[in-house]
Amino acid sequence: MAVISRSDIDFLLHDWLDAGRLAQLPRFAGQDREDWGRYLDLAHAMAEREFLPCWKTSDRQEPWMENGEVRVEPALAAAVRLWLEAGLHLADVAPEEGGMGLPFTVATAGMAGLMAANVAGSAFVMLSCANARLICAFGTPAQVAAFARPQHAGRALGTMCLSEPEAGSSLGDITTRARAAGRDDLGARYRISGAKMWISAGDQDITGQIVHLVLAKVVREDGTLPEGSRGISLFMVPKILPDGSRNDISVTGLNHKMGYRGTPNCAMAFGEREGATGWLVGQEGQGLAQMFQMMNEARINVGLSGAAMACRGHFLSTAYACERRQGRAQGRKGQGRPVPIVAHPDIRRMLLAQRAIAEGALALCLKSAMLADLSHAAQTQAERDSAAEMLALLTPVTKSWPSEQGLAALSMGIQIHGGYGYTRDFDLEQLYRDSRLNPIHEGTTGIQALDLLGRKVLGDGGAAFGRFLALVRREAKGEGFAEEAATLSRTADALEELVARLAGWPAERALGNATGFLEAFGHFVLGWVWLSMARAAARTGPAALAEAKGWTCRYFFAAEMPRIPAMMALLTGAPDLTSAAPETLFAG
């Protein structure tokens with residue numbers, strides 16, 4: 001059973017993004033569409049053949065502790081091993097590191113199929129790919145050989161260990177300690193001690209080795225820790241040390257989750273005895289900046305998982321609506337046989353809304369992945385800088401919009417299924433539970449909003465934001481869908497006017513309703529995406545594709561774009577309302 005539309009992915013890659021131009025860059029020279037197609041064929045086939053069958057079983061049989069070790073549902077563990085043995089995790093790894101060297105854009109399209117089939121299974125792969133990439137970027141050759149290459153070879157998986165029980169997302173408040181313990185062939189060695197929380201894949205029995213990337217603060221001579229995020233350093237802390245002995249790491253408990261259950265989520269203790277051994281990545285105090293490379297990649301992947309599950313939910317909802325017969329067509333009460341529910345206008349409304357969200361979110365994620373490729377591989381520095389700037393601006397949207405709107409699409413899928421959608425016999429309820437994590441992990445929606453408005457928009461006086469609006473306005477002048485293009489341009493004017501006002505406010509006032517700005521800007525970005533896709537489909541279509549994209553674009557502009565002023569209402573009409581509300585309203 002297909003879980004995501006390969007034809008839509010081909011349209012997005014080749015007709016909309018024109019990904020073939022990546023093959024003209026030196027980094028991807030010699031590759032072509034057929035190479036990419038073979039990878040996508042294998043990745044999607046393995047997702048459907050190996051990961052989909054254990055999606056429900058790994059939800060029912062959560063990871064468990066046995067003799068101090070975490071066990072993963074056996075069929076899921078076997079599926080992850082097969083993915084690693086096939087080398088599919090090496091899609092965008094450099095050839096000199098044993099990888100295929102494909103664009104991140106193509107690897108992302110492959111990962112979409114895996115996420116649609118079994119998002120919990122995809123987490124093992126996604127985290128490890130990002131972990132190894134960070135080590136290759138910042139580690140020494142000896143560290144790459146010891147900690148990244150075993151992941152490339154499929155003998156190890158990786159994690160990132162950021163949060164703590166009391167610090168949560170406030171990483172400047174972490175208290176995990178690192179004490180210098182000399183040097184060896186792997187660099188500066190430290191003893192790590194502290195507790196970490198919410199660590200996905202923190203322990204598992206899929207691979208014998210696990211490489212943890214751990215944020216900690218180096219203890220000063222007086223025994224204190226530096227305050228704030230500038231004192232954070234990054235350490236490679238393996239489960240098994242180079243001499244074959246166990247490191248001082250333990251799992252103190254498993255978190256029992258609403259969804260995403262196949263991935264163990266661990267509370268972990270480092271250094272309960274003499275201290276866990278870890279090696280510094282780069283220099284002291286650089287940890288958060290280094291980790292943001294991994295976190296930003298993870299944020300694109302979180303958005304991708306929301307898009308992928310929304311796509312699968314739309315598939316299931318469409319099939320059900322065409323098969324399920326109930327009621328009669330409007331004006332024909334009591335006449336004839338019951339009709340498929342897809343004949344009812346409200347079902348069509350929900351199906352159109354699902355499609356607008358799912359396909360739009362997938363397009364946004366692939367657009368962001370292509371910007372990531374261009375930010376590293378474009379031929380001129382100006383092109384690389386331009387792509388990096390747009391990627392930075394769009395990353396909070398790429399993470400949050402598919403996460404939040406994907407949930408809305410899955411909720412509509414449950415509604416289309418009626419009472420059946422609320423049962424475990426149908427897939428929508430588990431897709432919804434799995435997807436509910438997305439607005440939370442890798443930076444909540446509120447954190448993404450502060451990042452977007454505080455750093456990406458106002459941080460440079462609105463310069464990058466202004467350049468993006470100028471790009472949107474230029475593209476809106478293209479041919480076709482004139483009414484939608486005019487709406488997009490008017491919305492750009494409204495956002496520009498709002499940002500100019502916010503720039504004159506104190507930061508705390510401007511950021512007090514940042515989530516509303518993120519929601520509004522996200523809808524604006526998706527309007528830009530849908531207009532561009534509809535025009536591309538009209539140019540290159542087959543007719544059925546052009547019709548589908550065109551109607552969905554019209555729906556988005558008719559039903560979704562008018563919601564933007566309401567999303568901005570607190571900012572434009574009552575910016576001090578929530579901050580001025582008395583604390584007594586919120587007393588427990």
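Tutor: Let us begin with residue classes: Ala, Val, Leu, Ile, Met, Phe, Trp, Tyr, Cys and Pro count as nonpolar, Asp, Glu, Lys and Arg as charged, and the others, Gly among them, as polar. By this scheme, the lining of the largest cavity here has 10 nonpolar, three polar and three charged residues. This is a predicted model, in which local features need pLDDT of at least 70 and side-chain atom pairs count only at pLDDT 80 or more, while totals for chains, interfaces and linings use all residues. Residues are numbered from 1 along each chain as its sequence is written, and side-chain values use heavy atoms, with hydrogens and water left out.

Student: What is a cavity, and how many of 30 Å³ or more does the structure hold?

Tutor: On a 1 Å grid over the protein atoms alone, a cavity is a set of points where a 1.4 Å probe fits but cannot get out; a pocket is an open set with protein on both sides within 12 Å along at least five of seven lines, and lining residues have an atom within 4 Å of a point. Grid points are joined across faces, edges and corners, and a volume is the space filled by probe spheres set on the points. The structure holds four cavities of 30 Å³ or more. The largest cavity contains about 150 Å³ of space, and Asp 92, Ala 107, Met 111, Cys 129 and Arg 133 lie nearest its centre among 16 lining residues. The second largest cavity has about 60 Å³; its lining includes Glu 62, Pro 63 and Arg 261 and divides into three nonpolar, four polar and three charged residues.

Student: Which element gives the most to the lining of the largest pocket?

Tutor: Elements are DSSP runs numbered from the N terminus: helices (H or I, at least four residues) and strands (E, at least two). The largest pocket has a volume of about 1,300 Å³ and is lined by 49 residues, with Ser 163, Ser 169, His 441, Glu 442 and Gly 443 nearest its centre. Two or more lining residues come from each of helix 6 (119–138), strand 5 (187–200), helix 8 (287–323), helix 10 (381–417) and helix 12 (445–457). Helix 12 gives the most, with seven residues.

Student: Where does the largest share of the lining of the second largest pocket come from?

Tutor: That share, eight residues, comes from helix 6. The second largest pocket holds about 1,100 Å³ of space. Of its 40 lining residues, Arg 27, Arg 133, Gln 293, Glu 297 and His 376 are the closest to the centre.

Student: How is the size of an interface often given?

Tutor: It is often given as the accessible area lost when the parts come together. Here, buried area is the accessible area (1.4 Å probe) that two parts lose on being put together, summed over both. Domain bounds come from an automatic or database domain assignment, which gives domain 1 (6–153), domain 2 (158–285) and domain 3 (445–577). The C-alpha centres of domain 1 and domain 2 lie 24 Å apart. With contact meaning heavy atoms within 4.5 Å, 31 residues of domain 1 touch 32 residues of domain 2. The area buried between domain 1 and domain 2 is about 2,900 Å², with 65% from carbon and sulfur atoms. Val 70, Leu 127 and Phe 147 supply 21% of the area that domain 1 buries against domain 2, more than any other three residues.
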